[in-house]
Amino acid sequence: MKLSQFKFKLPEELVALYPAHRAFKNEDGTVERVYHRDLCRLMVMHRKSERIDIFKKDENGQDTEEPMVFRDILGFFDEGDTFVFNDTKVFPARLYGTKEKTDAKIEVFLLRELNEELRLWDVLVEPARKIRIGNKLFFDGDGPMVAEVIDNTTSRGRTLRFLYDCPHDEFKRELFALGEAPLPRYIINHRAAEPDDMEQFQTIYAKNEGAVTAPSTGLHFSRELMKMMEIRGYQFAFVTVHCSLGSFDTIEVEDLTKHKMNSEQMQITNEACQIVNASKQAGHRICSVGISTMRATESAVGTDGMLKPFSGWTNKFIFPPYEFGLANALITNFYHPESTMMMATAAFGGYDLTVEAYKLALKHQFKFGCYGDAMLILDD
């Protein structure tokens with residue numbers, strides 16, 4: 001397929017800057033938000049019958065005027081169906097420091113720790129043209145957190161050595177205390193990160209630290225919703241994919257077969273495989289929660305359709321046409337034009353039907369992006 005086949009005009013006002021919430025204005029003019037993870041809007045796409053639903057049904061199966069919300073997914077699954085979640089944990093990857101002598105403000109985006117003993121980190125810096133090997137960056141005023149640039153890795157990439165003499169656990173605690181939620185650029189270009197974001201930009205089941213962006217579909221699941229799912233007999237399997245910034249990279253080739261995804265570290269345990277495979281063999285539905293989860297399971301599914309344990313890296317790029325080996329249901333968000341996440345959605349739901357769903361989302365003012373609304377794709 002071609003990149004231009006995923007181009008559409010996304011109005012700026014349809015990009016969600018906050019998760020689903022109710023806003024209240026205080027007497028002093030400030031706005032207070034009460035967040036409800038599972039009350040974003042929901043679209044349901046049936047890929048075989050090619051039907052798209054956005055409204056709740058009455059007792060006769062006819063559309064009402066009431067839009068579906070995310071917690072309505074409960075009505076589309078049966079006891080024994082299995083949901084596969086990505087339990088990666090986002091760390092506060094975006095820091096702001098100053099360059100020595102000039103006091104120029106520098107954004108440092110932590111990607112991953114390269115060497116624990118030497119305090120080496122792979123980072124992105126902005127503006128990159130101001131940062132050269134040998135420069136020192138200060139992160140805490142006159143405090144002790146200082147980093148030295150020791151290598152250039154890409155046009156914006158640098159290797160930093162943090163000059164902080166203490167036990168590693170204390171160092172990471174102090175470093176992360178200086179950071180903020182690593183919201184996508186399309187959000188922070190319109191508003192600054194807020195204290196609430198570190199909680200809202202994290203799934204409630206986050207466990208294994210290492211992501212620099214959230215597995216956004218998982219953000220819709222509240223504790224109350226997951227308890228209701230548990231009561232109904234749905235099963236949960238957890239895999240780990242440390243989401244990187246690769247999904248936000250601009251695709252620079254028209255022929256999608258020539259695009260290379262950045263690798264992401266992932267792990268699938270024996271326990272997760274046993275849950276998923278037993279459910280599949282019993283004829284139950286396997287639902288992938290998010291594109292990162294689907295990329296991971298498609299990287300580890302065998303030719304027999306069973307999930308295999310895996311520990312390593314994946315650079316799998318999913319776009320139409322693609323034959324899926326494991327999941328027969330997908331929950332995802334609405335994403336930006338020409339994004340790899342939209343392409344993976346189209347691979348699962350079918351290109352034509354996905355384009356129609358996106359047109360409907362635009363018409364009915366659905367919200368796009370990591371804090372936006374959700375789509376459930378079913379194989380019926």
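Of the 380 residues of this protein, 52% count as buried, where buried means under 20% relative accessible area with a 1.4 Å probe and protein chains only. The model is a predicted one, in which local features need pLDDT of at least 70, side-chain atom pairs count only at pLDDT 80 or more, and totals for chains, interfaces and linings use all residues. Residues are numbered from 1 along each chain as its sequence is written, and side-chain values use heavy atoms, with hydrogens and water left out.

I turn to the overall dimensions. The radius of gyration, taken over C-alpha atoms, is compared with a globule rule of 2.2 Å times the number of residues to the power 0.38. For 380 residues a compact globule would come near 21 Å, and the protein's 22 Å agrees with this. The C-alpha trace spans about 70 × 55 × 45 Å along the principal axes.

The secondary structure consists of eight helices and 21 strands; these are DSSP runs, helices being H or I of at least four residues and strands E of at least two, numbered from the N terminus.

Five of its six residues are buried, so β14 is largely enclosed by the rest of the structure. Which strands pair with it? Strand β11, residues 120–126, pairs with β14 in the antiparallel sense over five bridges, pairing requiring at least two DSSP bridges between two strands. Here Asp122 has Thr159 of β14 as its bridge partner. Strand β13, residues 146–152, also runs antiparallel to β14, joined by five bridges, and Val149 stands opposite Leu160. A hairpin of four residues links β13 to β14.

Technical notes. Buried < 20%, exposed > 50% of the residue type's maximum accessible area, 1.4 Å probe, protein only.
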